[in-house]
Amino acid sequence: MRHWLGLLALLPACWAAPAAAGPTLEAVRARGQLVCGVNQGVAGFSTPDSRGVFQGLDADFCRAVAAATLGDASKVRFVPTSYQTRFVALQSGEIDVLARNVTQTLTRDTSLGFNMAGVNFYDGQAFMVTKASGVARARDLDGASVCVLPGSTTELNLADFNRRERIQLRPVVLSSMDEMVAAYQSGRCDALTTDSSQLAALRATALRNPADHVILPDRISKEPLGPLVRHGDEEWRDIVAWTLMLLIEAEEIGLTRANVQEMRGSQDPNIQRILGVTPGFGRALGLSEDWAFNAIRAVGNYGEIFERHLGRGSPIGLERGQNELWTRGGLMYALPLR
């Protein structure tokens, strides 16, 4: 009994022990800037605005990580990456985190040497066709030509769909979204396939006469999208993953960009811990105690970010769907910040 009491007495001290700064956090602090790999241009996720400033769900996630680690959301440099360069940029250390509509899979977690840091958008692969085609379901595309990107889960999923459904879809492999759109609009492809969110973005921003095109209801894959970091730096993975958890949790408990300053005076013990009024969480991550406050003040909670860039009031006009909070029937569920 005395032995157990002695161990219990040590628990608070162990819990309060600060995390050692890993090499990535040390590098970020030394340069005073987070380097974040993003998409070259997918509306709603990461695309440069008229001033050349990247905007979107992934871009704002990068800003949240910069705010959490450096106290300033503007201290981030965005590196546009293609399907061919995205993983090399992360493996080589050119970027600190990859936040680029990346599907999280077993092989990327293992053979490519990455750590998955949570899902920030649940998606699925779909097909877009012209309304004039009369196609209603993906299976009706038997014999059609389909524009697809190389070296992606999209290309593999298309091949699997062919075999599974015993149909013949003829892939037209193109190296960029711009080339795919051009080929589709010229009639070189009967359909265009990628994640449904990207199809919605392309229809809203890249196609002539968006109303002439329809996204078929079938989803032929699971595409859990989220940030990736390199193996070998668990402290950095913790920071990136818990920043994402924070944004989701903030929506659930009502912390917003507008009220986060006021909520520092809340008597809710959970909010006090998250905002650093009661210290401990920042120390556990190797960050300042106001890491969460800084992140929420910079970009808002997950729901605010979604609505700003992808929601019904945005040009993309997506419903929350699977990306709604679990308390409202969705899949967004933050691990406990305890």
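Biologist: What should I know before I start?

Modeller: The model is predicted, so local features need pLDDT of at least 70 and side-chain atom pairs count only at pLDDT 80 or more, while totals for chains, interfaces and linings use all residues. Residues are numbered from 1 along each chain as its sequence is written, and side-chain values use heavy atoms, with hydrogens and water left out.

Biologist: What is the mean pLDDT of the chain?

Modeller: pLDDT is the predictor's confidence in each residue, from 0 to 100. The chain's mean is 92, and 94% of its residues reach 70 or more. Residues 1-16 stay under 50, and the model has four contacts for them beyond four places in sequence; contact means heavy atoms within 4.5 Å. Where pLDDT is low, the predicted coordinates should not be read in detail.

Biologist: Why is asparagine 39 called buried?

Modeller: Buried means under 20% relative accessible area, exposed means over 50%, and partly exposed is in between, using a 1.4 Å probe and protein chains only. Asparagine 39 has 5% relative accessibility, so it counts as buried.

Biologist: What makes the link between asparagine 39 and asparagine 101 a polar contact?

Modeller: A polar contact is a pair of N or O atoms within 3.5 Å; within protein, one must be able to donate a hydrogen and the other to accept it, and residues adjacent in sequence count only if both atoms are side-chain atoms. The side chains of asparagine 39 and asparagine 101 are joined at 3.2 Å, so the pair counts. Asparagine 39 also touches Ser46 and Phe54, among others.

Biologist: Why does arginine 63 count as buried?

Modeller: Its relative accessibility is 12%, so arginine 63 goes under that label. Among the residues it touches are Val53, Phe78 and Val299. Arginine 63 is found in helix 3 (residues 57-70); helices (H or I, at least four residues) and strands (E, at least two) are DSSP runs, numbered from the N terminus.

Biologist: What makes a set of residues a nonpolar core?

Modeller: The members are buried Ala, Val, Leu, Ile, Met, Phe, Trp, Tyr and Cys residues joined through side-chain atoms within 4.5 Å. The largest one here has 83 residues, and Leu34, Cys36, Phe121, Trp236 and Leu275 have the most contacts inside it. Helix 9 (residues 234-253) gives the largest share of this core, 10 residues. Apart from it lies another core of 15 residues, including Val129 and Leu169.

Biologist: Why are strand 10 and strand 12 called edge strands?

Modeller: Two strands pair if DSSP finds at least two bridges between them. Five strands form an open, mixed sheet in the order 10-9-11-8-12. Strand 10 (170-173) and strand 12 (213-215) each pair on one side only, and they are the edges. Strand 8 (residues 125-130) is joined to strand 12 by three bridges, and the two run antiparallel. Valine 129 stands opposite valine 214 in strand 12.

Biologist: What is the phi of arginine 166?

Modeller: Near 55°, a positive value in a residue other than glycine. Most residues other than glycine have a negative phi. Arginine 166 sits in the loop between helix 6 and strand 10, and its relative accessible area of 78% is why it counts as exposed.

Biologist: Is asparagine 209 buried or exposed?

Modeller: With 52% relative accessibility, asparagine 209 counts as exposed. Its phi is also positive, about 55°.
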